[in-house]
Amino acid sequence: STLFSESNAAVPALDQAFRALEEKARSQNCNTCHSPDNAAKASQLVLLNYPNQAIYARNSIVAELEARTMPPSTGIPVEADRQELLPLARAFQAAAEQALRAEGERTEVAY
């Protein structure tokens, strides 16, 4: 079973947005901590290896980049790198929202 139906026209844009974000995030070594072995010993591990995992974290990825809280100790040390990642994260977030809405999923965060 897959997350999206084959008829979901928003999936190609989502895939493209994920790949662009993942490529830039790779240079920041995000998957060192966000990996199944939980090298950082996070109390709540969020995996980012695959698009369906990153979709879960779409809002927090943007929030963490905006707040400069990932990685936890320093944020992204080079501001220019953070400025490159932020629009990619926002584009991924928007593409994920569109793909989820196309499936009839609620995308609002309930508190």
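Analyst: Two residues are in contact when heavy atoms of theirs lie within 4.5 Å. The model is predicted.

Start with helix 4, which covers residues 58–67. Its buried residues are Arg-58, Ile-61, Val-62 and Leu-65. Viewed down the axis of helix 4, these buried residues fall within an arc of 95 degrees, so they line one face of the helix. They pack against helix 3 (51–56) and helix 5.

Helix 5 spans residues 79–102, and Gln-93 is part of it. Leaving aside neighbours within four places in sequence, Gln-93 is in contact with Arg-58, Asn-59 and Val-62. Arg-58 and Val-62 are among the buried residues of helix 4. Along the chain, Gln-93 and Arg-58 are 35 residues apart, yet their C-alpha atoms are separated by 5.0 Å.

Arg-82 also has its place in helix 5. Its relative accessibility is 5%, and because buried means under 20%, Arg-82 counts as buried. A polar atom of the Arg-82 side chain lies 2.7 Å from the backbone oxygen of Leu-65, and Leu-65 is itself one of the buried residues of helix 4. With neighbours within four places in sequence again left aside, Arg-82 is in contact with Leu-65, Glu-66, Arg-68 and Ile-76.

Of these partners, Arg-68 follows helix 4. The phi of Arg-68 is positive, near 60 degrees.

Note on methods:
Residues are numbered from 1 along each chain as its sequence is written. This is a predicted model: local features need pLDDT of at least 70, side-chain atom pairs count only at pLDDT 80 or more; totals for chains, interfaces and linings use all residues. Side-chain values use heavy atoms; hydrogens and water are left out. Helices (H or I, at least four residues) and strands (E, at least two) are DSSP runs, numbered from the N terminus. Buried means under 20% relative accessible area, exposed over 50%, partly exposed in between (1.4 Å probe, protein chains only). A polar contact is a pair of N or O atoms within 3.5 Å; within protein, one must be able to donate a hydrogen and the other to accept it, and residues adjacent in sequence count only if both atoms are side-chain atoms. The arc is that of the directions from the helix axis to the C-beta atoms.
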